[in-house]
Amino acid sequence: KNRIFSKVTGLFLLGITLFTSCGSDQSQQNSQPKASPNIIFIYLDDLGYGDVSAYGVGTLSTPNMDRLANGGIRFTNGYASSATCTPSRFALLTGMYPWRNADAKILSGTAPLLIDTAQLTIPKLLKEQGYHTGIVGKWHLGLGTGSVDWNQEISPGPNQVGFDYSHILAATQDRVPTVYIDNGRVLNLDPNDPIMVNYDENFEGEPTALTHPELLTMKWHHGHNNSIVNGIPRIGFMKGGEKAKWSDIDMADHFLGKAKTYVQDRVKAGEPFFLFYALQEPHVPRTPHPRFEGTSGMGPRGDAILEADWVVGELLKELEEQGILENTLIFFSSDNGPVLNDGYYDDAVEKIGNHTPAGPLRGGKYSLFEAGTRVPFITYWKGTIQPGVSDALVTQIDLLASLAALTGSEKTAADSENLIDVLMGKSQKGREAFVLEATTKTALRAGDWLMIPPYNGLEVAAQVNIELGNSPEYQLYNLKEDIGQTKNLAQTNPEKLQEMISIFEGIRGP
Ligand code: NG6
Ligand code: CA
């Protein structure tokens, strides 16, 4: 009898909890009136939590990023979805956990499109709400369906998953093909000099970093010893397309020019726009324009961040000149945490000085520890968002549902939570739980706690010198008291550990 009674009470209480949490969700999460501001994602590549000076750590000075951080909401518990690029970008655009898609791993330059063309994406959703949508910069989500002919229209790609306009680099700056792709066409391609790309074998007679080291202006440390473009050895082999090859040192200026033109065109057309501006900095190879050389005193990595900071300032200036800064919601973040030596000798390690790219966090890019996924995360909307700092748990997966709510769309994605009030600084109630990913392994953040299940694998990735978070034991950290993850409490707090395992399995499945 008692048992039945407690079961009934339990169900009743559960009902109340569900009811009240739904109720508060509705009142809290949707207090935003429907709006259609322009929306810009400024998304950096491998920028660490401590690389933005507004985060109060490190020794770099990033005044333009700080302008966003101090004039908007600076989130201290903001997460990318993954500790590497492709999965994070996948989750950002689809609102879906990347570990649900087995192919969401670092992609080669010839990988097929990762996003199903039938899948909901942020640009698709915003298009339905009357937005023009564009992407400028790094893509790294695959192109085509298997074997791309780079000399024809390249499809499917960004234009088939919701972008009206795309001007991209296919994968990464260190991967071939080293050309820009404009709405599916290689820019400046000479039909008499076709491009061929192969990730398995070289094209006969083409120089590589191994056969022609004397041609290199930048030395490779690990990987990166295939085709040489502009003196820089890359991942993958490429032949032809001489006139189409990008200039590495001009890349920031090139993308900025495209982003500005995109904004100007939208203002002329009088339509709201969504711009995904995916900068290549400070991913390797770090090739800041010579006018930024030496500006950070930290070598090319620091200089590339200062170049990106300048770019942010130029974009803000453009929005001001166009008179749309107060009608533009800007989201600033990074796809994953920092790394110093990611495969080239570029002084990133030697010249780091007292700078701390990860801030107080443990690990870095590729890691299950905090620095892998906890990144600078800023929302800025001049005149609408009141400046502040938020400790609420927010993730890039939540942008889809949040922007849907903002723009009055009914659409959503299962893993995406509507946190629009949190992103607008009107609520401090973020997510309760989040499963982060690092090279296909996952861990749980819930409340102030972080649990990493036992994993085989290296403790430290030697070449990049980053602690990966692998351990044969469960790890449990209280991030509020121990942000640097120095005390594993799994043994001393078995109850908390058990609770975390249940939540983790509830989301992931056992
Ligand atoms: C790794 C590369 C690294 C970087 C990374 C992708 C080697 C040895 N390392 O495989 O340099 O390109 O992939 O970075 O090739 S990401 O930010 O796009 O995920
Ligand atoms: Ca990255």
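Predicted model: local features only at pLDDT ≥ 70, side-chain atom pairs only at ≥ 80, totals over all residues.

Me: Where is N183 in the chain?
Reply: N183 is in the loop between β6 (180-182) and β7 (185-186). Its phi is near 45°, a positive value in a residue other than glycine. Most residues other than glycine have a negative phi.

Me: Okay, and which loop holds D347?
Reply: D347 is in the loop between β15 (344-345) and β16 (377-380). D347 is not a glycine, yet has a positive phi of about 70°.

Me: New topic: what kind of peptide bond joins S155 and P156?
Reply: A cis one, with omega about 0°. P156 sits in the loop between β4 (132-138) and β5 (165-169). The bond from E281 to P282 is cis too, with omega near -10°.

Me: What about the ligand: how many residues surround ligand 1?
Reply: There are 17, and the closest are T84, C85, G223, D342 and G343. The shell divides into four nonpolar, nine polar and four charged residues.

Me: Last one! In what order do the strands of the open sheet with β19 run?
Reply: The order is β19-β20-β21-β24, with antiparallel pairing. The edge strands are β19 (433-438) and β24 (475-478), and the twist averages 20° from one strand to the next. Between β20 and β21 there are three bridges, and A446 stands opposite W449 in β21.

Notes: Residues numbered from 1 in each chain as written. Chains lettered and ligands numbered in written order. Near = placed C-beta within 6 Å. Nonpolar A, V, L, I, M, F, W, Y, C, P; charged D, E, K, R; others polar. Pairing = 2+ DSSP bridges. Helix = DSSP H or I, 4+ residues; strand = E, 2+ residues; numbered from the N terminus. Axes fitted to C-alpha atoms, helices over the stretch in contact; angles between N-to-C directions.
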